[in-house]
Amino acid sequence: MTEVGILIRADLSSVVELLSASVDEIPLYSWVLGEHLSDRELRAWLAEILVRPYLNAGYVLGARESGRLVGALVWQPHDADLTPDGTPLLTPDDFVRVARIPGVRERLAAWLTSPQLPVPVPDAVNLRIAVVAPEARGGDTLVELVRRVERFCAETCRPYYAWTGSPRLREWFCSVWNATDFATVDFHGIALYGIESERPPRPARVELRQSRSSSPIV
(Lines give C-alpha, C1' and ligand atoms only; values in the text may rest on other atoms or scores of the structure.)
Protein backbone atom coordinates (compact mmCIF):
# COMPACT_ATOMS: atom_id res chain seq x y z
CA MET A 1 0.00 0.00 0.00
CA THR A 2 1.29 3.47 -0.92
CA GLU A 3 1.39 6.05 1.87
CA VAL A 4 1.59 9.70 0.81
CA GLY A 5 2.57 12.56 3.09
CA ILE A 6 4.56 15.78 3.39
CA LEU A 7 8.32 15.25 3.56
CA ILE A 8 10.46 17.14 6.07
CA ARG A 9 14.09 18.25 6.26
CA ALA A 10 15.14 14.93 7.73
CA ASP A 11 14.02 13.29 4.46
CA LEU A 12 16.48 15.28 2.34
CA SER A 13 18.98 12.47 1.79
CA SER A 14 16.23 10.05 0.74
CA VAL A 15 14.74 12.51 -1.75
CA VAL A 16 18.17 13.37 -3.16
CA GLU A 17 18.96 9.68 -3.62
CA LEU A 18 15.64 9.10 -5.39
CA LEU A 19 15.95 12.06 -7.74
CA SER A 20 19.66 11.75 -8.50
CA ALA A 21 19.13 8.16 -9.66
CA SER A 22 16.79 9.44 -12.39
CA VAL A 23 18.58 12.61 -13.50
CA ASP A 24 19.65 10.94 -16.74
CA GLU A 25 15.96 10.47 -17.65
CA ILE A 26 15.25 14.21 -17.50
CA PRO A 27 16.28 16.02 -20.71
CA LEU A 28 16.78 19.43 -19.08
CA TYR A 29 18.89 18.18 -16.19
CA SER A 30 20.84 15.85 -18.44
CA TRP A 31 21.70 18.89 -20.55
CA VAL A 32 22.90 20.83 -17.50
CA LEU A 33 25.31 18.08 -16.44
CA GLY A 34 26.28 17.19 -20.01
CA GLU A 35 29.50 15.21 -20.21
CA HIS A 36 29.48 14.87 -16.40
CA LEU A 37 26.11 13.13 -16.30
CA SER A 38 27.61 9.92 -14.92
CA ASP A 39 29.20 11.75 -11.97
CA ARG A 40 27.17 10.58 -8.97
CA GLU A 41 28.29 13.44 -6.75
CA LEU A 42 27.23 16.03 -9.33
CA ARG A 43 23.89 14.30 -9.78
CA ALA A 44 23.34 14.41 -6.03
CA TRP A 45 24.37 18.08 -5.93
CA LEU A 46 21.87 18.97 -8.65
CA ALA A 47 19.11 16.95 -6.98
CA GLU A 48 19.73 18.72 -3.67
CA ILE A 49 19.55 22.27 -5.01
CA LEU A 50 16.37 21.35 -6.87
CA VAL A 51 14.48 19.96 -3.87
CA ARG A 52 15.95 21.47 -0.69
CA PRO A 53 14.24 24.90 -0.87
CA TYR A 54 10.83 23.29 -1.34
CA LEU A 55 11.46 20.60 1.26
CA ASN A 56 12.30 23.27 3.84
CA ALA A 57 9.06 25.10 3.01
CA GLY A 58 6.85 21.98 3.16
CA TYR A 59 6.14 21.65 -0.55
CA VAL A 60 7.49 18.18 -1.25
CA LEU A 61 5.16 15.19 -1.08
CA GLY A 62 6.55 11.70 -0.68
CA ALA A 63 5.16 8.25 -1.43
CA ARG A 64 6.36 5.31 0.64
CA GLU A 65 5.90 1.60 0.24
CA SER A 66 6.84 -0.56 3.23
CA GLY A 67 8.53 2.49 4.70
CA ARG A 68 10.77 3.12 1.68
CA LEU A 69 10.52 6.34 -0.32
CA VAL A 70 9.53 5.41 -3.88
CA GLY A 71 8.09 8.68 -5.18
CA ALA A 72 8.29 12.42 -4.64
CA LEU A 73 6.47 15.45 -5.99
CA VAL A 74 7.75 19.01 -5.68
CA TRP A 75 4.96 21.55 -6.09
CA GLN A 76 4.44 25.27 -5.58
CA PRO A 77 1.33 27.43 -5.27
CA HIS A 78 1.88 30.85 -6.85
CA ASP A 79 1.56 32.52 -3.42
CA ALA A 80 3.67 30.03 -1.46
CA ASP A 81 6.12 31.37 1.14
CA LEU A 82 9.30 29.44 0.43
CA THR A 83 11.25 31.10 3.25
CA PRO A 84 8.91 30.86 6.26
CA ASP A 85 11.79 30.90 8.74
CA GLY A 86 14.05 33.22 6.79
CA THR A 87 16.28 30.43 5.48
CA PRO A 88 17.67 31.44 2.04
CA LEU A 89 16.51 29.25 -0.81
CA LEU A 90 20.10 28.77 -1.98
CA THR A 91 23.44 30.39 -1.13
CA PRO A 92 26.69 31.03 -3.06
CA ASP A 93 28.18 28.03 -1.27
CA ASP A 94 25.75 25.80 -3.15
CA PHE A 95 27.53 26.65 -6.40
CA VAL A 96 31.20 26.75 -5.38
CA ARG A 97 32.01 23.30 -6.73
CA VAL A 98 30.34 23.61 -10.12
CA ALA A 99 31.80 27.08 -10.63
CA ARG A 100 35.09 25.30 -11.28
CA ILE A 101 33.71 22.81 -13.81
CA PRO A 102 33.81 24.11 -17.41
CA GLY A 103 30.70 23.24 -19.40
CA VAL A 104 28.51 22.64 -16.38
CA ARG A 105 29.29 26.15 -15.15
CA GLU A 106 28.20 27.77 -18.41
CA ARG A 107 25.11 25.62 -18.90
CA LEU A 108 23.99 26.20 -15.32
CA ALA A 109 24.39 29.96 -15.77
CA ALA A 110 22.39 29.82 -19.01
CA TRP A 111 19.62 27.88 -17.29
CA LEU A 112 19.42 30.09 -14.21
CA THR A 113 19.44 33.32 -16.21
CA SER A 114 17.04 32.22 -18.95
CA PRO A 115 13.56 33.79 -19.10
CA GLN A 116 10.97 32.16 -16.88
CA LEU A 117 8.85 29.58 -18.65
CA PRO A 118 5.31 30.78 -19.36
CA VAL A 119 2.57 30.34 -16.76
CA PRO A 120 -0.92 29.61 -18.11
CA VAL A 121 -2.73 31.78 -15.54
CA PRO A 122 -1.31 33.81 -12.63
CA ASP A 123 -2.72 31.64 -9.82
CA ALA A 124 -1.86 28.23 -11.28
CA VAL A 125 -0.11 25.70 -9.05
CA ASN A 126 3.24 24.55 -10.40
CA LEU A 127 4.07 20.83 -10.45
CA ARG A 128 7.81 21.39 -10.52
CA ILE A 129 9.31 17.90 -10.29
CA ALA A 130 7.89 14.40 -9.97
CA VAL A 131 9.96 11.27 -9.68
CA VAL A 132 9.05 7.62 -9.19
CA ALA A 133 11.51 4.81 -8.55
CA PRO A 134 11.69 2.30 -11.42
CA GLU A 135 10.28 -0.54 -9.33
CA ALA A 136 7.21 1.54 -8.40
CA ARG A 137 6.27 2.61 -11.92
CA GLY A 138 3.23 1.17 -13.60
CA GLY A 139 1.13 1.47 -10.44
CA ASP A 140 -0.62 4.22 -8.51
CA THR A 141 2.39 6.05 -7.03
CA LEU A 142 2.35 9.09 -9.29
CA VAL A 143 -1.45 9.14 -9.34
CA GLU A 144 -1.56 9.31 -5.54
CA LEU A 145 1.02 12.09 -5.44
CA VAL A 146 -0.75 14.24 -8.02
CA ARG A 147 -4.10 13.54 -6.36
CA ARG A 148 -2.93 15.39 -3.23
CA VAL A 149 -2.22 18.51 -5.28
CA GLU A 150 -5.47 18.04 -7.17
CA ARG A 151 -7.35 18.22 -3.86
CA PHE A 152 -5.62 21.47 -2.97
CA CYS A 153 -6.51 22.90 -6.38
CA ALA A 154 -10.13 21.79 -6.02
CA GLU A 155 -10.40 23.41 -2.58
CA THR A 156 -8.91 26.70 -3.81
CA CYS A 157 -10.47 26.56 -7.30
CA ARG A 158 -7.10 26.77 -9.02
CA PRO A 159 -5.65 24.88 -11.97
CA TYR A 160 -2.22 23.30 -11.89
CA TYR A 161 0.38 23.16 -14.62
CA ALA A 162 3.67 21.42 -15.38
CA TRP A 163 6.58 21.68 -17.78
CA THR A 164 8.07 18.43 -19.01
CA GLY A 165 10.64 17.39 -21.57
CA SER A 166 9.07 13.94 -21.79
CA PRO A 167 6.47 13.42 -24.56
CA ARG A 168 5.26 10.30 -22.74
CA LEU A 169 4.70 12.12 -19.47
CA ARG A 170 2.95 14.90 -21.36
CA GLU A 171 0.65 12.30 -22.90
CA TRP A 172 0.10 10.71 -19.47
CA PHE A 173 -1.09 13.96 -17.93
CA CYS A 174 -3.39 14.63 -20.85
CA SER A 175 -4.94 11.16 -20.87
CA VAL A 176 -5.14 10.47 -17.12
CA TRP A 177 -5.70 13.98 -15.75
CA ASN A 178 -7.54 15.63 -18.66
CA ALA A 179 -4.76 18.20 -18.99
CA THR A 180 -4.22 20.22 -22.15
CA ASP A 181 -1.22 21.83 -23.82
CA PHE A 182 -0.76 25.55 -23.36
CA ALA A 183 2.76 26.12 -24.75
CA THR A 184 5.88 24.50 -26.19
CA VAL A 185 9.33 26.03 -25.74
CA ASP A 186 12.63 25.14 -27.38
CA PHE A 187 15.36 25.37 -24.74
CA HIS A 188 18.81 24.84 -26.25
CA GLY A 189 17.40 22.18 -28.55
CA ILE A 190 15.23 20.55 -25.87
CA ALA A 191 11.47 20.60 -26.49
CA LEU A 192 9.68 21.50 -23.25
CA TYR A 193 5.92 20.98 -23.13
CA GLY A 194 3.63 23.04 -20.92
CA ILE A 195 0.41 21.35 -19.84
CA GLU A 196 -2.38 22.68 -17.63
CA SER A 197 -5.40 21.25 -15.85
CA GLU A 198 -8.93 22.54 -15.83
CA ARG A 199 -10.11 24.92 -13.10
CA PRO A 200 -10.62 23.09 -10.83
CA PRO A 201 -8.97 19.87 -12.06
CA ARG A 202 -11.17 16.96 -12.97
CA PRO A 203 -10.42 13.75 -11.05
CA ALA A 204 -7.99 11.32 -12.64
CA ARG A 205 -9.29 8.60 -14.88
CA VAL A 206 -8.39 5.92 -12.37
CA GLU A 207 -8.67 3.08 -14.84
CA LEU A 208 -5.52 4.42 -16.51
CA ARG A 209 -2.14 4.06 -14.84
CA GLN A 210 1.35 5.34 -15.42
CA SER A 211 3.05 3.31 -18.10
CA ARG A 212 6.00 1.39 -16.69
CA SER A 213 8.08 2.56 -19.64
CA SER A 214 7.23 6.24 -19.20
CA SER A 215 9.55 8.86 -17.81
CA PRO A 216 9.08 9.45 -14.06
CA ILE A 217 9.87 13.13 -14.25
CA VAL A 218 7.98 16.37 -14.63
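This is a predicted model: local features need pLDDT of at least 70, side-chain atom pairs count only at pLDDT 80 or more; totals for chains, interfaces and linings use all residues.
1. Aromatic pairs. The count comes to 10 aromatic pairs. Take Tyr160 and Phe173: their ring centres are 6.4 Å apart and their planes stand at 65 degrees, so this pair is edge-to-face. Tyr160 belongs to strand E5 (residues 160–164) and Phe173 to helix H6 (residues 167–176), so the pair ties together parts 13 residues apart in sequence. Both Tyr160 and Phe173 are buried.

2. A second ring pair from E5. Trp163 and Phe182 have ring centres 5.4 Å apart, with planes at 75 degrees, so they too are edge-to-face. Trp163 sits in strand E5 and Phe182 in strand E6 (residues 180–187), so parts 19 residues apart in sequence are tied together. Trp163 is buried, at a relative accessible area of 11%. Phe182 is partly exposed, at 22%.

3. The whole structure holds 16 salt bridges. In one of them, Asp24 meets Arg43, with 3.4 Å from N to O. Asp24 is in the loop between helix H1 (12–20) and helix H2 (27–33), while Arg43 is in helix H3 (residues 40–57), so the bridge ties together parts 19 residues apart in sequence. Asp24 is partly exposed, with a relative accessible area of 42%. Arg43 is buried, at 12% relative accessibility.

4. Arg52 and Asp94 form a salt bridge, their closest N and O atoms being 2.7 Å apart. Arg52 lies in helix H3 and Asp94 in the loop between E3 and helix H4 (104–112), so placed that the pair links distant parts of the chain, 42 residues apart. Are the partners buried or exposed? Arg52 counts as buried at 16% relative accessibility. Asp94 does as well, at 14%.

5. Other charged contacts. Glu198 and Arg202 meet in a salt bridge of 2.9 Å, N to O. Glu198 is partly exposed, with a relative accessible area of 33%, and Arg202 is partly exposed at 42%. Asp39, Glu41 and Arg97 are linked in a network of salt bridges.

6. Arg137. This residue is found in the loop between strand E4 (125–132) and H5. Arg137 is buried, with a relative accessible area of 7%. Its side chain joins that of Glu25 in a polar contact of 2.9 Å.

7. Positive phi. Most residues other than glycine have a negative phi. Ser66 has a positive phi of about 55 degrees, although it is not a glycine. Ser66 is in the loop between strand E2 (60–65) and strand E3 (68–76), and it is exposed, with a relative accessible area of 82%. Cys157 also has a positive phi, near 55 degrees. Cys157 is in the loop between helix H5 (141–156) and E5. At 41% relative accessibility, Cys157 counts as partly exposed.

8. Cis peptide. Most peptide bonds are trans. The bond from Arg199 to Pro200 is cis, with omega near -15 degrees. Pro200 is placed in the segment after strand E7 (190–196).

Definitions and conventions:
Residues are numbered from 1 along each chain as its sequence is written. Side-chain values use heavy atoms; hydrogens and water are left out. Rings of Phe, Tyr and Trp (its six-membered ring) pair if their centres lie within 6.5 Å; planes under 30 degrees apart count as stacked, over 60 as edge-to-face and the rest as tilted. Helices (H or I, at least four residues) and strands (E, at least two) are DSSP runs, numbered from the N terminus. Buried means under 20% relative accessible area, exposed over 50%, partly exposed in between (1.4 Å probe, protein chains only). A polar contact is a pair of N or O atoms within 3.5 Å; within protein, one must be able to donate a hydrogen and the other to accept it, and residues adjacent in sequence count only if both atoms are side-chain atoms. A salt bridge is a side-chain nitrogen of Lys or Arg within 4 Å of a carboxyl oxygen of Asp or Glu.
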